[in-house]
Amino acid sequence: MLKRLLFFLFFPYLIYTQNLHPDNYDSIREIIIQNGRQAYFDKDLKKLKNITNEVLGIYNKNKDSILFAKYYHFKALQNKLLYKNDSAFYYYHESKGISKYLNDSLQIGRRLLSIVILQRNVKDFLGSEISAIEALHYLEDNEDGRIYLERIYNNLGLISEELNRKEEAIELYKKALLINKKTKDQRSFIFITNNLGLLHQKDKEHKRAIDYFNKALANKDIRNKHPDQYALLLENLTYSEAQLGEQKNIVNRYTEVLELRKKHKVNNELATTHLNLADYYQNTKNYTQAKIHALEGLKYAKETHYNQRWLEALQTLSELSTGNEAKAYLEEYITLNDSLITQERQLKNQFAKIRYETDKKEKENTFLKAENERQEIEVAQQRQQKVIGWLAAALSILVLASSMSFFSFRRKKLLFQAQLQKIEAREKERRQIAKSLHDEVAGDLRMLHQKLAQTNLLVEAEKLDLVKENVRNLSHQLSSVSFEKVNFSDQIINLISDYFAPNFIIRAHQLKDINWSDINNSIKRVLYLSIRESIQNCEKYAQASRMDISFKLHKKSLHLAIQDNGIGFDTTTAKKGIGLQNMQERVEELQGKLLISSVVNKGTNIEIQVPLNV
């Protein structure tokens with residue numbers, strides 16, 4: 001049940017309330033959400049950040065999971081305004097995950113729609129199509145989700161266009177229009193109809209394209225209600241008419257589009273309009289005006305990270321320039337194009353990794369939920385047994401205490417063993433994935449690389465070779481150390497040998513004093529990975545000349561101490577890197593403790609304590 005809000009302050013963006021009654025909470029929450037959306041549409045990053053922080057504050061007071069999902073949604077919108085697509089993708093997935101927990105199919109579908117658009121914009125068409133199909137699962141039987149369903153079909157049409165499946169794209173647009181007859185959403189109708197026009201425009205079927213643009217422009221009062229869509233349609237109509245040789249009102253129409261877009265701050269589309277004007281003036285041999293508009297198009301494309309228009313502007317300017325200036329524009333075009341290809345590949349890989357990790361987390365959550373239910377049943381059974389034992393042994397407080405202690409110990413031991421089994425299962429899965437990447441994917445890439453090299457496609461072969469190396473590196477990162485063939489002591493000695501150098505001495509203490517065959521493999525694996533991460537960090541950052549690694553067996557726990565004489569760091573200000581975070585998570589999974597202490601210019605100490613049993 002929602003707790004009563006004492007007060008919250010959201011001025012000037014929200015509403016200040018005192019002694020807010022729970023009956024008012026839903027309406028206030030909706031106002032907050034609407035304000036956040038509007039801040040994004042207004043591109044007001046500062047306002048959006050303030051609202052996001054307020055949403056988190058209210059969640060912390062009320063534990064309202066709907067607001068927690070909205071917090072991640074607004075974080076995604078912030079990163080979109082900052083053109084940080086990988087971070088936006090991550091936060092969209094986090095928001096979607098919370099909505100899945102709430103069984104809110106409408107919100108799941110909406111977040112997936114955002115993910116679809118984001119993936120499509122960075123040319124991850126296959127990933128976008130997969131996300132769109134997933135969204136259909138949540139929206140097709142949801143009456144409230146019809147408007148988002150038609151947008152999903154619209155985006156599937158755009159994806160099919162990019163993949164050169166024209167007929168399929170037309171059918172998908174028609175499906176979207178069929179749903180639009182029920183929703184009667186004017187904005188969606190305009191977008192879908194415009195996309196149909198653009199499809200024919202790309203095939204130089206300008207008369208058919210003009211029919212669609214005019215059909216959308218026939219909407220009543222479109223210029224006042226939807227000025228951005230009106231400008232979009234007018235520009236596309238003007239372009240097709242210009243391609244058919246129409247000269248009348250071309251410049252006036254483009255000028256009207258420019259004024260509307262400047263008024264409504266649609267800066268990314270200003271790049272498109274200026275480039276269309278540059279194209280028109282180039283065709284009419286007015287090269288001075290063509291270059292002026294090409295430069296303006298380049299400015300707005302750079303400002304809004306509109307990469308497609310950025311490339312078009314550079315290409316147009318190289319055609320309108322001569323000598324070294326034309327050469328400079330062409331070189332910038334080639335450099336940018338290569339950079340974008342690399343960036344798109346990296347984003348696709350990053351998106352795939354985020355999706356894999358979130359899917360894996362969902363599976364683990366499902367497993368943990370089932371495991372918790374099993375443990376709860378077991379705990380309930382144990383409690384029942386305790387009650388029976390208490391009734392049977394009421395005369396002996398000592399017997400009752402011993403019984404309770406026994407069951408408590410047994411429960412902890414079961415939990416600990418279950419945790420070890422879960423870790424071992426995950427490591428086995430990682431080894432299988434690594435083996436598949438190394439033996440199958442890398443092998444296939446190697447064969448394809450050889451074929452490309454034999455056909456003299458050397459540039460493509462070189463790039464594919466980089467992809468192959470990335471896959472091999474990923475397989476090595478995923479592969480997990482095994483102690484079946486090489487025992488733990490030898491593994492540690494081999495690891496130290498790999499990094500040992502005259503200027504970087506590593507010593508292991510009491511390594512042979514422990515019977516490692518009695519230690520669980522999951523514990524040994526965590527210790528090994530922690531030592532490896534510590535050595536790598538020390539070698540990269542610490543500027544140390546000596547490192548000491550000490551082991552100690554104490555009662556029912558194993559102690560590992562790692563000490564270096566490097567430059568150290570301020571633990572109160574420095575943030576943990578992903579390596580240290582992974583180390584801490586692995587240790588805590590085993591119910592262990594990790595302590596990092598460091599003093600500037602006096603070195604760093606890492607202490608790890610892991611229980612051997614509970």
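Reader: How do the axes of helix 20 and helix 21 cross, and within what distance do they come?

Author: Good place to start! Two packed helices are described by the angle between their axes and the distance between those axes. In this predicted model, helix 20 (residues 488-499) and helix 21 (residues 521-542) have axes that come within 11 Å and cross at roughly 10°. Angles under 35 degrees count as roughly parallel, and therefore helix 20 and helix 21 are roughly parallel to each other.

Reader: Which residues of helix 20 meet helix 21?

Author: From helix 20 come Phe488, Gln491, Ile492, Leu495 and Tyr499. Their counterparts in helix 21 are Lys524, Leu527, Tyr528, Ile531, Arg532, Ile535, Gln536 and Glu539.

Reader: Now the strands, please. How many bridges join strand 3 to strand 4?

Author: Strand 3 (residues 505-509) and strand 4 (residues 546-554) run parallel and are joined by 5 bridges. As an example to look up, Ile506 has Met547 in strand 4 as its bridge partner. Helix 21 returns here: the chain goes from strand 3 through helix 21 to strand 4.

Reader: Is that β-α-β crossover left-handed or right-handed?

Author: The crossover is left-handed.

Reader: And in which sense do strand 4 and strand 5 pair?

Author: They pair in the antiparallel sense, over 8 bridges, with strand 5 covering residues 557-564.

Notes:
Residues are numbered from 1 along each chain as its sequence is written. This is a predicted model: local features need pLDDT of at least 70, side-chain atom pairs count only at pLDDT 80 or more; totals for chains, interfaces and linings use all residues. Side-chain values use heavy atoms; hydrogens and water are left out. Axes are lines fitted to C-alpha atoms, for helices over the stretch in contact, and angles run from 0 to 180 degrees between N-to-C directions. Helices (H or I, at least four residues) and strands (E, at least two) are DSSP runs, numbered from the N terminus. Angles under 35 degrees count as roughly parallel, over 145 as roughly antiparallel, 65 to 115 as roughly perpendicular and the rest as oblique. Contact means heavy atoms within 4.5 Å. Two strands pair if DSSP finds at least two bridges between them. A crossover is right-handed if, with the strands pointing away from the viewer, the path from the first strand over the helix to the second runs clockwise.
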